[in-house]
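Please look over the sequence and the model first, and then read on.

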Amino acid sequence: MDKDVSAGSATTSTLGHLALGLTLLAFGVGTTGVVDNVSAADASALATWVGGVALFIVGLLEYRAGDAGSGTAFAGLGAFWFTWGTGVGDGASAEAAGLFMLVWALLALTLTAASAGAGLFTQGVYGLLTIALVLLGIASLAENSGLAKAGGWVAAVAGLAAWYGATAALAKWPTFSGRAAGRGVTATG
């Protein structure tokens, strides 16, 4: 790749939000148990490769383009999804799984705070992700399946929001702000 050509762009940011949205949606729906014989663990391959590897690569491309915010978000979330996807079903204790979710909720909280100028879709997705991870972490620690299902629904809504925002950016659809989306999901403030 020519070093004079930017590797990150609105396209990579949109791709990152699509990858995040699809991964969150699959994980969330699996966690809710709304589809028979489908669990969150069934989303592990998607989480590993789309949510993990693809997001991490998009994060590196965003860093290369000089966008530290999107680079941090996508590379950090890529590390989260890769770790979750490769570790699910390894027999970790409920306490370890709960702590894992709560620790990563701190990253999501950081992304929520840091995305204040990026637009409501972006900040909303990260905010919902924070809530989902907190609910899932507490549910695991308390062994409360109802709270886990609530966390799954919040994750699914976050996934739908990320997917719609990225799709709106590609298709130039309007967002809830009444404007057509421009650069990735971040132009919908």
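## Terms and basis

A residue counts as buried under 20% relative accessible area, as exposed over 50%, and as partly exposed in between, with a 1.4 Å probe and protein chains only. This is a predicted model, in which local features need pLDDT of at least 70 and side-chain atom pairs count only at pLDDT 80 or more, while totals for chains, interfaces and linings use all residues. Residues are numbered from 1 along each chain as its sequence is written, and side-chain values use heavy atoms, with hydrogens and water left out.

## Thr-167

Thr-167 is buried, its relative accessible area being 14%, and it belongs to helix H6; helices are DSSP runs of H or I with at least four residues, numbered from the N terminus. Apart from neighbours within four places in sequence, Thr-167 is in contact (heavy atoms within 4.5 Å) with Leu-18 and Trp-173.

## Aromatic pairs

Rings of Phe, Tyr and Trp (its six-membered ring) pair if their centres lie within 6.5 Å, and planes under 30 degrees apart count as stacked, over 60 as edge-to-face and the rest as tilted. By this rule there are 10 aromatic pairs. Phe-80 and Phe-100 make a stacked pair, with 5.7 Å from centre to centre and 20° between the planes. Phe-80 is buried at 1% relative accessibility, whereas Phe-100 is partly exposed at 22%.

The rings of Tyr-164 and Trp-173 form a tilted pair, with centres 5.8 Å apart and planes at 35°. Tyr-164 is partly exposed at 26% relative accessible area, and Trp-173 is partly exposed at 36%.

How values were computed: Helices (H or I, at least four residues) and strands (E, at least two) are DSSP runs, numbered from the N terminus.
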